[in-house]
Amino acid sequence: MTDIITVTGVVGTDPRHTVLNGGLAITSFRLASTRRVFDRAKGTWEDGDTNWYTISAFRQLASNASLSIRKGERLIVHGRLRLRAWETSEKSGTAVEIEADSIGHDLAWCVTSYAKVRSARPADHAADGSSAADAADGFDSAAGDAAPSVSGWPEVSPRGPIELDVDHDTIDETETETDAAFDATPVGV
């Protein structure tokens with residue numbers, strides 16, 4: 001039986017990314033989810049029990065996760081829960097695994113930046129080199145296709161860290177036309 005689950009936690013191991021001979025990308029890592037409980041007698045929050053999950057991602061999600069996730073980061077993972085009994089000659093136990101449908105940073109703990117990635121799939125490209133997906137999502141193929149990496153997925157050039165000006169609560173980035181239009185929109189509209 002497979003149940004749908006959403007878990008928040010801290011990445012406990014560096015993600016391991018592999019590409020099988022058939023081209024299937026797989027990324028896996030361990031996620032620790034610790035429940036916080038309030039001890040009324042002490043008047044403080046304390047850590048409860050920690051649940052450990054093995055997270056597995058496939059295909060494009062695996063490629064994106066391997067480029068985005070590092071040990072120690074807080075994530076939200078949504079996917080299918082699987083419990084598997086295992087046994088060796090010395091030990092036995094239960095493996096708790098989640099096959100991820102989506103993974104994201106927990107924005108209650110961090111700031112992140114977004115970089116859209118498109119895959120280079122020859123069957124999707126028209127004779128002029130553009131693709132049907134480009135027209136649908138507004139991307140111009142000639143404006144900057146990412147070069148395919150060794151794994152067959154495009155390389156990502158993240159914008160780098162964003163510096164938050166704590167005194168003025170502003171983000172130090174180059175303002176784009178979209179940002180300027182957003183800033184000009186009156187509050188409450």
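**Figure 1. Overview of the elements in the chain.** The chain of this predicted model contains 3 helices and 8 strands, and, read from the N terminus on, these elements follow the order β-β-β-β-α-β-β-α-β-β-α. Of the 189 residues in the chain, 20% are buried.

**Figure 2. Strand β3 and the strands that pair with it.** Strand β3, which covers residues 25–39, pairs with β4 in the antiparallel sense over 13 bridges, and serine 28 stands opposite serine 56 of β4. The pairing of β2 with β3 is likewise antiparallel, with 4 bridges, and here valine 19 stands opposite alanine 25 in β3. Strand β1, residues 3–11, also pairs with β3 in the antiparallel sense, over 2 bridges, and the bridge partner of valine 10 is alanine 32 in β3.

**Figure 3. The two hairpins that involve β3.** Between β2 and β3 the hairpin has 5 residues, and glycine 23 in this turn has a positive phi of about 95 degrees. The hairpin of β3 and β4 has 4 residues between the strands, and in this hairpin glycine 43 takes a positive phi near 75 degrees.

**Figure 4. Strand β5 between β1 and β6 in the pattern of pairing.** Strands β1 and β5 run antiparallel and are joined by 8 bridges, with leucine 81 in β5 as the bridge partner of aspartate 3. Strand β5 also pairs with β6, in the antiparallel sense and over 13 bridges, and in this pairing histidine 78 stands opposite serine 102 in β6. A hairpin of 4 residues joins β5 to β6.

**Figure 5. Threonine 27 and its surroundings.** Threonine 27 lies in strand β3 and is buried, with a relative accessible area of 0%. A polar atom of the threonine 27 side chain lies 2.7 Å from the backbone oxygen of alanine 62. When residues up to four places away in sequence are not counted, threonine 27 touches Pro15, Arg16, His17, Ile55, Ser56, Ala57, Ala62, Ser63, Ala65 and Ser66.

Figure 6. Most residues other than glycine have a negative phi, whereas arginine 59, although not a glycine, has a positive phi of about 60 degrees.

**Figure 7. The largest nonpolar core.** In soluble globular proteins, nonpolar side chains tend to be buried together. The largest nonpolar core here has 14 residues, of which Phe29, Leu31, Ile55, Leu75, Val77 and Ile98 touch the most other members. Strands β1, β3, β4, β5 (74–87) and β6 each supply at least two residues of this core. Leaving aside neighbours within four places in sequence, leucine 75 is in contact with Val7, Thr8, Gly9, Val11, Phe29, Leu31, Ile69, Ile103, Gly104, His105 and Asp106.

Figure 8. Phenylalanine 38 is partly exposed, with a relative accessible area of 43%, while tryptophan 45 is exposed, with a relative accessible area of 53%. A contact of another kind involves arginine 74, whose charged end sits over the ring of tryptophan 109, 3.7 Å from the centre of that ring.

Conventions
Residues are numbered from 1 along each chain as its sequence is written. This is a predicted model: local features need pLDDT of at least 70, side-chain atom pairs count only at pLDDT 80 or more; totals for chains, interfaces and linings use all residues. Side-chain values use heavy atoms; hydrogens and water are left out. Buried means under 20% relative accessible area, exposed over 50%, partly exposed in between (1.4 Å probe, protein chains only). A polar contact is a pair of N or O atoms within 3.5 Å; within protein, one must be able to donate a hydrogen and the other to accept it, and residues adjacent in sequence count only if both atoms are side-chain atoms. Contact means heavy atoms within 4.5 Å. Two strands pair if DSSP finds at least two bridges between them. A nonpolar core is a set of buried Ala, Val, Leu, Ile, Met, Phe, Trp, Tyr and Cys residues joined through side-chain atoms within 4.5 Å. A charge sits over a ring if NZ of Lys or CZ of Arg is within 6 Å of the ring centre and within 35 degrees of the ring normal.
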